[in-house]
Every structure is written in C-alpha cells, then in structure tokens.
Amino acid sequence: MGELDGKTVVITGAGAGIGRAFAEGFSAEGASVVGTDIDAERLTALAEQGIITAVTDVADDAQVR
C-alpha cells in the first residue's frame, strides 16, 4: 500500500518535466492521477502507465470547466 492510496491528484503540465515526475511519483504511491497537458503526444507514455490523461489548455477557461 502506498502513502497516497485512496487520494486523487490532478496535475497540469504532466506531459514532461516536473509535472510528469510528480504524476509518476504520485501514481507509484497509490494515488489516482489525472494528468493534463496541451500536447497529446506527451501524455501517451503516462496513459500507457495507467494514468488518466486529458488534453487540456489550462489557459482556456472553457476547457478547464
């Protein structure tokens, strides 16, 4: 059991860099992770790891809603 079992985390910019590292780390600790990024290709590897992904431009209010 991970330290974050039963928790849900939403991470923006999850396709690369720090966002991706946090998405993978939280997932490894048992959290349900939703990773968002503006670039669909960057999210592919996360989706293959079982992380829920959503192509989203967080600067666009309509997409965030």
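Start with the whole chain and its contacts, where a contact means heavy atoms within 4.5 Å: of the contacts in the protein chain with a separation of 6 or more, 35% are accounted for by residues 24 or more positions apart. What you see is a predicted model, in which local features need pLDDT of at least 70 and side-chain atom pairs count only at pLDDT 80 or more, while totals for chains, interfaces and linings use all residues. Residues are numbered from 1 along each chain as its sequence is written, and side-chain values use heavy atoms, with hydrogens and water left out.

Next, colour the chain by secondary structure, taking helices (H or I, at least four residues) and strands (E, at least two) as DSSP runs numbered from the N terminus. The protein chain then shows 3 helices and 3 strands, and from the N terminus on these elements run β-α-β-α-β-α.

Now select the strands, which form an open sheet of 3 with the order β1-β2-β3 and parallel pairing; two strands count as paired if DSSP finds at least two bridges between them. The edge strands are β1 (8–12) and β3 (52–55), each of which pairs on one side only. From one strand to the next the twist averages 20 degrees, with axes fitted as lines to C-alpha atoms, for helices over the stretch in contact, and angles running from 0 to 180 degrees between N-to-C directions.

Within the sheet, pick out β2 (residues 32–37), which runs parallel to β3 and is joined to it by 4 bridges. Select Val-34 as well, and you will find its bridge partner in β3 at Ile-52.

Helix α1 (residues 17–28) lies across β1 and β2 and runs at about 165 degrees to β1, whereas helix α2 (residues 40–48) lies across β2 and β3 and runs at about 175 degrees to β3.

Stay with α2 and look at what stands around its ends. Asp-39 caps the N-terminal end of α2, with a side-chain oxygen 3.0 Å from the backbone nitrogen of Glu-41. After α2 comes Gly-50, whose phi is positive, near 90 degrees.

Finally, zoom out to the whole chain, whose C-alpha trace spans about 35 × 20 × 20 Å along its principal axes. Buried residues, meaning those under 20% relative accessible area with a 1.4 Å probe and protein chains only, make up 23% of the 65 residues in the protein chain.

Notes: Buried < 20%, exposed > 50% of the residue type's maximum accessible area, 1.4 Å probe, protein only. Polar contact = N/O pair within 3.5 Å; in protein donor to acceptor, adjacent residues only side chain to side chain.
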